[in-house]
Amino acid sequence: MATDTQGKILTVTGPIEPADLGKTLIHEHLFFDLSCYFRPPEDERGKSLADEPLQLSNLGWVRQNIMSSRPNLVMDDAGVVEAEVGKFQDLGGSALVDQTIRGIAPNPQGLARVSARTGVRIVAGNGYYIHPSHPPDMDDKTIADIRTEIIRNVTEGIDGSGIRSGLIGEIGACWPLHPNEEKCIRASAQAHRETGAPISIHPGHSVDSPPTILDILEAEGVAPSRVMMSHIENRNRDEIDLYRRLADRGCNLSFDSFGRDIYFAYAGRHHPSDDIRVNVISELVQQGYVGQIYVAQDCSFKSDLATYGGYGYGHVLENIVPRLKARDVSDDDLDKILVENPRRFLTMQ
């Protein structure tokens, strides 16, 4: 590990002291391209809307067909990103963790510019996303190849940019786990042991996926306290025992889809409501797991952003924090969730 990162948090503008992080959302995307998810509509109306720019007149259709609108899957407008991040800052936000990695168009230079212009701290992830987004030569890459790439992104800069990653992830997994995804998970574990960077996992859509991945990481010598399971509420929903089983192993739980009341028609799957998220977090806090809880919105569609009719990056601070307080989550607990937990997890060990 580079000596300038020991005990520091590595942002896109350089290492900072953990005490300087402030209120942090642990899982967001600023610039992104999720075209790997695009599903062409089969009906005539859908075909006519698939390439239509996002606007009020088609927003209802987009929300019900989230993966069938090409424009909805891409954000590359720096002006929009800066305005959205500015709204988060106006609400008292200090830092965002951008988990956009290989396969969904990472833009470290863009992140550094947004951070410099807004003053919001940004930590960038790195690694590989789900196997449908992998490059054509992924079958030929070895664990050692992938490990070397991830280490280089942390120690030298993401894809030669000179802008370093302070997080390994969100490492993508489907269910069942694809062999190339398992390679990436094992490579991430080995890179973690070399760099001290924490690991964030995008588990497959099965309650069996998070514990299976945690088994692999532990077998590779990773302490569960250095692992975060992203989108955990979309897998475990309101099954408190499933959260407890992961937390009792030391794993961190990322409730990062606030505001994402989305129906995935192609999969027949609906995200849980914010009410479920609030209830589960409140219950886990009362049971003593506050030190392993993190929150965010996972903004990764245009329709998530306030500019296009969504809640934007400020939803948790503006709307969810009061709801958590109403469910007996104290100010001290909220400080742990928004400040202390991210500070501890993101510090390079």
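Q: Where does P176 lie in this model?
A: P176 is in the loop between β8 and α6. Keep in mind that this is a predicted model.

Q: And what kind of peptide bond joins W175 and P176?
A: That one is cis, with omega at about 0°.

Q: What about the bond from G169 to E170?
A: Also a cis peptide bond, with omega near 10°. E170 sits in strand β8, residues 167-172.

Q: On to α6 then. Is H192 buried or exposed?
A: Buried: its relative accessible area is 9%, and the cut-off for buried is under 20%. H192 belongs to helix α6, residues 179-195.

Q: Which backbone oxygen does the H192 side chain reach?
A: The one of A197, at 2.8 Å. Leaving aside residues up to four places away in sequence, H192 touches I168, A197, P198, I199, V222 and R226.

Q: Last one: at what angle do the axes of α11 and α12 cross?
A: Roughly 140°, coming within 10 Å, which means α11 is oblique to α12. The crossing is right-handed.

Q: Which residues make that contact?
A: From α11 it's V316, L317, V321, L324 and K325, and from α12 it's D331, L334 and L338. They divide into 6 nonpolar, no polar and 2 charged.

Definitions and conventions
Residues numbered from 1 in each chain as written. Predicted model: local features only at pLDDT ≥ 70, side-chain atom pairs only at ≥ 80, totals over all residues. Heavy atoms only, no water. Axes fitted to C-alpha atoms, helices over the stretch in contact; angles between N-to-C directions. Helix = DSSP H or I, 4+ residues; strand = E, 2+ residues; numbered from the N terminus. Parallel < 35°, antiparallel > 145°, perpendicular 65-115°, else oblique. Left-handed = near helix turned anticlockwise from the far one by under 90°. Contact = heavy atoms within 4.5 Å. Nonpolar A, V, L, I, M, F, W, Y, C, P; charged D, E, K, R; others polar. Buried < 20%, exposed > 50% of the residue type's maximum accessible area, 1.4 Å probe, protein only. Polar contact = N/O pair within 3.5 Å; in protein donor to acceptor, adjacent residues only side chain to side chain.
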